Amino acid sequence: MFRITKEFHFSASHQLTHLPADHQCARLHGHNYIVVVELAAAELDENGFVRDYHELSPLKRYIDERFDHRHLNEVFNHDRVTSEYLAKHFYDWCKERLPETSAVRVSETPKTWAEYRP
């Protein structure tokens, strides 16, 4: 199996108001998110690619226009916008456009991430 990945960055705030008031994530806070999209294929295309990296450019535009420097609770209209939720959201968005999508990882910090891989 051949695999490729591409990394995207955005900054946004969120607040997990359903958590206890003394939980740090219950307060309004932000992250410099990193989204890593993985595509996989058993065979390469006629150009020797799983997929041309340039074909992931629409995801960059989507992230920049919809998520960068936004409050994610307002974007999704709920307060459970966790990295797990974002990983699934970006996976679904990519899978619809890029059938080779095999996983999406979302990092909130350099030491933490959530991954969605069906």
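Predicted model: local features only at pLDDT ≥ 70, side-chain atom pairs only at ≥ 80, totals over all residues.
Ser107 has Trp113 of strand 5 as its bridge partner. To get from strand 4 to strand 5, the chain takes a hairpin through two residues.

Five strands make up an open sheet in the order 3-1-2-4-5, and the pairing is mixed. Strand 3 (70-71) and strand 5 (112-116) each have a single partner strand, so they stand at the edges with one side left without a neighbour in the sheet. As a reminder, strands of a sheet pair through backbone hydrogen bonds, either parallel or antiparallel.

| Helix | Residues | Strands touched | Direction |
|---|---|---|---|
| Helix 1 | 57-66 | strand 1 (2-14), strand 2 (29-41), strand 3 | about 10° with strand 1 |
| Helix 3 | 83-97 | strand 1, strand 2, strand 4, strand 5 | about 145° with strand 4 |

Helix 1 and helix 3 also pack against each other. Their angle is about 135°, and their axes are 11 Å apart. Why does that count as oblique? Angles over 145 degrees would be roughly antiparallel and 65 to 115 roughly perpendicular, with the rest oblique, so helix 1 is oblique to helix 3. The crossing of helix 1 past helix 3 is right-handed. On the helix 1 side, the contact uses Pro58, Leu59, Tyr62, Ile63 and Arg66, while helix 3 brings His89, Phe90, Trp93 and Cys94. Sort the residues of this contact by type and you get seven nonpolar, one polar and one charged.

Back in the sheet, Val36 is worth a look. Val36 is part of strand 2. Leaving out residues up to four places away in sequence, Val36 touches Thr5, Lys6, Glu7, Ala103, Val104 and Arg105. Take Thr5 as an example: Val36 is 31 residues from Thr5 in sequence, yet their C-alpha atoms are 6.4 Å apart in space.

What about charged pairs? Side chains of opposite charge can pair when their charged atoms come close. The count of salt bridges comes to ten. One of the pairs is Arg51 with Glu100, whose closest N and O atoms are 2.9 Å apart. This pair links distant parts of the chain, 49 residues apart: Arg51 sits in the loop between strand 2 and helix 1, and Glu100 in the loop between helix 3 and strand 4.

Finally, the chain overall. Its secondary structure comes to three helices and five strands. Reading from the N terminus, the elements go β-β-α-β-α-α-β-β. Along the principal axes, the C-alpha atoms fill a box of roughly 55 × 25 × 25 Å.

Definitions and conventions
Residues numbered from 1 in each chain as written. Heavy atoms only, no water. Pairing = 2+ DSSP bridges. Helix = DSSP H or I, 4+ residues; strand = E, 2+ residues; numbered from the N terminus. Contact = heavy atoms within 4.5 Å. Axes fitted to C-alpha atoms, helices over the stretch in contact; angles between N-to-C directions. Parallel < 35°, antiparallel > 145°, perpendicular 65-115°, else oblique. Left-handed = near helix turned anticlockwise from the far one by under 90°. Nonpolar A, V, L, I, M, F, W, Y, C, P; charged D, E, K, R; others polar. Salt bridge = Lys/Arg side-chain N within 4 Å of Asp/Glu carboxyl O.
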